[in-house]
Amino acid sequence: MPERPLSPHVWHYRWAYTMTLSILHRLTGLALTLALVGLVLWLAAIGLGPARYVAWLPWLTAWPAMVLYGLAIVALVYHFCNGLRHLAWDVGRGYERRTARTSGWVVVSVAIVAALVCLYFLARHGAGP
Amino acid sequence: MTMRTPLGRVLYHGSAHDGVGHWMVERVTGLALAPLSLWLLVSLLSLPHVDYISASAWVASGWNPVWLSLLVLLSAWHSWLGVQVVVEDYVHGFGAKTGTLLLSTFVHVLLALSGVYAVLRTVFRGVP
């Protein structure tokens, strides 16, 4: 790499929670990539037929799987809400610092409520056979 | 004074070697995924059972195969672009970066094709 002057890196700035939200967007995005792997595995189990599905079912309904579903729901809900915030920025809205911070709180609040509602339904169904 | 070469200007290529295509596709797939992921979440949470008959009936019923295939394809595309950005930011060194990006590309293509194939297999097997 040629030696070039670098712009000040992120650590030189006073930490703002909006930075945490931005990093969470990437982390939940990566988590959702793993959730996509899980979804495709489930679709594959169905596609492979009843015998294979029955063999895989205990794994799909075991408690570690349930925990993963819960985490996937939390990741999806957050990435969804914050994704809408990003789309608003992309059309040029909400860039003011005050607005960006407020929308950050709105995203976190809505995501927490929505995730709790989803987790309630997940727990109630139990995804049991 | 401009730093751009005439060839670069003719090809509409800036220093990033492509235009805003990557950025735009990430947004468009994200926008399309908003209703689809909402649909998936509500559908899965309201599935009464996850035994084979209920699951395959849900996959094959109505237009669900279309929505499911779209969801898998668009998620894989969106995820591929997103992972690429993260890798480019945090994985350093030509070998490691290129290797990770190649692996991510292969995995995402595999995910997209397997997902659609699995849905089609379920549809054409029919529900018992």
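Author: Let us begin with the secondary structure. Chain A has four helices and zero strands, where helices (H or I, at least four residues) and strands (E, at least two) are DSSP runs numbered from the N terminus. Along the sequence, chain A reads α-α-α-α.

Reader: What should I know about the origin and numbering of the model?

Author: This is a predicted model, in which local features need pLDDT of at least 70, side-chain atom pairs count only at pLDDT 80 or more, and totals for chains, interfaces and linings use all residues. Residues are numbered from 1 along each chain as its sequence is written, while chains are lettered from A and ligands numbered from 1 in the order in which they are written.

Reader: What radius of gyration does chain A have?

Author: The radius is taken over C-alpha atoms, and the globule rule is 2.2 Å times the number of residues to the power 0.38. Chain A has 20 Å, whereas a compact globule of 129 residues would have a value near 14 Å. Its C-alpha atoms fill a box of roughly 60 × 40 × 25 Å along the principal axes.

Reader: How many residues does the contact take from chain A and from chain B?

Author: Two residues are in contact if their C-beta atoms, placed from the backbone, lie within 7 Å. Chain A gives 30 residues and chain B gives 31 residues. On the side of chain A that touches chain B, the elements giving two or more residues are α1 (17–47), α2 (50–61), α3 (63–90) and α4 (97–125) of chain A. The largest share, twelve residues, comes from α1(A).
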